[in-house]
Amino acid sequence: MAEVQFIELNAATVFLLVLIGFIGGMVSGFIGSGGAFVLTPAMMSLGAPAMVAVASNICHKFPKALVGAVKRHKYGQVDVKLGVILGMVAEAGMLAGKHVMTSIKQGFGDAGTDLYVSVVFIVVLAIVGGYVLRDYRRLKRLDHALPEAKPGLARWIQSVEIPGTMIHFKAIGARISLLFILPIGFATGMLAATIAVGGFIGVPAMIYLLGVPAIMASATELVIAFVMGLGGTIFYGLEGAVDIRLSMLILLGSLFGIQLGAIGTTYVKDYQVKLVMAVIMLTVLFSRFFYIPGYLSALGMIAPLDHESVGTLKTLGDSVLAVALILGAVTVLTSLTRGMAEHRKEEQRLELEASMARLAPIAATLEPSARLARLVVASDGSQYSSGALTTADDLARATGAEVLVLSVAVVNPEYATAVPELRATALANAETAASLGLAALSAVRRNRLIVEADDPYRGIVEAAEEARADLIVIGRRGKRGLARDLIGDATAKVIGHASCPVLVCPRGAHLAEGPILAATDGSRFGDAATWYAAKLAERLGRRLVVVSAVLPSQTEARRREAVATIERVETALRGGPVAVKGVVDTGRPEQVIVDQARHENAALIVIGTHGRTGLDRLLMGSVAERVIGFADRPVLAVR
Amino acid sequence: MTHDKRLWSRTVFWGVITALLYATLFIEAESVIRLARETPQHPWLVLVPIAIAFAISFTHGAFTGLFWEAMGLKAASKPKTPQTAGQE
């Protein structure tokens, strides 16, 4: 077999590869997965043989897919079984696709594979680009994406029962015959091996043929992309076709670009994204036509063209490709800058309005950190939010605070733009969760709030900040035995990043009749918690119990210090409106605090946290984390 | 301010590691190409590009995420106008 040719790298090609990676990544982040339709031809234009271009492209993508898949698995969006089965079948498809490529290369040389890849590109881009253009016109008329009912074809496929081949998938919520899965996986793999974009078939097929919800389809595609990308890299690597230098140069630019593109989508309308997608696809398609005569002539399939004509045609093709890339880049950057400027203006206007509206109540109660005028309670519609809703409602009725029921639509801009239904589904789910939450409340002033974010915790923290919430009320996951698992990753991150106190409620929690319990270790975090607890006790007309714990292994000096701390608190609050009781006990701090709260039947526990330290693990301090994880009543984390 | 400083120092940390990995890759470019050419004879060499891809994706991914955050670029959060309970 002919040896694979690697291109020479000089300063200019390195710069161009990074630039192409950046623009390709930006386009990919903007219009959804599939930047490869820009990257593969661009690498070919720089002189990389088709096989090296495809191989190096696949190699730069699979670790990115893994990172994405792990992230979205946390949100429960990935059907691992479906992803792995499709991925394995796709692997077979890739093998077949690669076999076709290798055979063509053996028979006709690089010009043969170049021609084959170009033709597949033209066919696929014509079909997909045309479809996207049609979708754009439909969306523009509607000006928004509507969630679609389960496609008829999917309903039919789910109804077919072929004994011995049926497998249950959680993403579909039904059993489907393996015989329908196999061709989808095979086609995905074959296309990926040929043009490095398998998702063009995989995602739409999962949605329209299998009836997988769009959000899960795009997440599951990441598993397929990883399995397939790893396999593809091995297959092509064994042929010596992976040029890791090219892969990594493309990656260098692409990682910058993909995030920029994804951010850009949040500032534009869906149909604008579709238009950019269609225009770029069709321009790339057009550029391929200029190369084909050269390939055909090299293969002797047409009368030989002289060198000069092939060169001129190639330059023309390159120019068209460059125009497509520049067009994409300019569109993304202008929509990003314009969108950000408009967004900033709008934010300033809202801020001004909000501050005007809120001036009066603030003047009445000038207590910046113990103010309870507005609570934001996070509702995801699950059983875990129920305690948070009840407690927030109790607290609001007791203090007259306004409650905002917040639901976060988790939307990944990168995929949501490719499949508009993703966003619509996420929004519809969030609206349902918010409405259910709102219906569970009886507080006088209650509203709902729906925000979009790529991560639930970020949505909660930012929405609370924008709404100027005085307190975030959130549920607690109750799973396995570890404290972190008891709290849940999102809740832990909200505590770590929120700028206001966070009240964490276990399932079924409510605001009991008992006192407010403050835990202190004598540090300034403990002081902050105690002060907040005292203000809350005053507002709710409750007693205050202040607890400090000493470990059995600690010295007598530490014990005296704890007693002194409690005395200091009692002295500070003596004569005030709140009755204070101090307790020093020996044991593990979390155990002492939780036991004391149970003993006093405390309404809630107030505890200080360390605030942000950069690492999620250390975001709040281990005692606070364990108290929140183990307590059978609401715990308020104060910074 | 301290938060910004920490963000920048983390950005620089991952940036330096990524730059070192890239520098090593290109200083050793000839060896890497030779290994790629020898892979058909020694199949286990296929692990080399895979390991490189994983390592650089990880560090560079961490770096770019922090970089845009440090540059102050973030996605538009689109809170819908709150609806009052009465409108429900």
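Between which strand and which helix of chain A does the loop that holds A:S379 lie? A:S379 sits in the loop between strand 3 (374-378) and helix 13 (386-399) of chain A; helices (H or I, at least four residues) and strands (E, at least two) are DSSP runs, numbered from the N terminus. The model is predicted: local features need pLDDT of at least 70, side-chain atom pairs count only at pLDDT 80 or more, and totals for chains, interfaces and linings use all residues. Residues are numbered from 1 along each chain as its sequence is written, chains are lettered from A and ligands numbered from 1 in the order in which they are written, and side-chain values use heavy atoms, with hydrogens and water left out.

A:S379 is buried, at 6% relative accessibility (buried is under 20% relative accessible area, exposed over 50%, partly exposed in between; 1.4 Å probe, protein chains only). Leaving aside residues up to four places away in sequence, A:S379 touches A:S385, A:L389, A:V405, A:L406, A:S407, A:A433 and A:G437 (contact means heavy atoms within 4.5 Å). A:L406 is 27 residues away in sequence, yet the C-alpha to C-alpha distance to A:S379 is 5.9 Å. The side chain of A:S379 also reaches the backbone oxygen of A:A433, at 3.2 Å.

A:T283 belongs to helix 10 (residues 270-289) of chain A. A:T283 is buried too, with a relative accessible area of 16%. A:V320 and A:A324 are its contacts, not counting residues up to four places away in sequence.

Chain B has three helices and one strand, in the order α-α-α-β along the sequence. Of its 88 residues, 33% count as buried. Among contacts in chain B with a separation of 6 or more, 82% join residues 24 or more positions apart.

At the interface, 52 residues of chain A are in contact with 43 residues of chain B. The buried area is about 4300 Å², and carbon and sulfur atoms give 68% of this (buried area is the accessible area, 1.4 Å probe, that two parts lose on being put together, summed over both). Helix 9 of chain A gives the most to the side of chain A that touches chain B, with twelve residues. By class, that side has 30 nonpolar, eleven polar and eleven charged residues (Ala, Val, Leu, Ile, Met, Phe, Trp, Tyr, Cys and Pro count as nonpolar, Asp, Glu, Lys and Arg as charged, and the others, Gly among them, as polar).

Methods:
A polar contact is a pair of N or O atoms within 3.5 Å; within protein, one must be able to donate a hydrogen and the other to accept it, and residues adjacent in sequence count only if both atoms are side-chain atoms.
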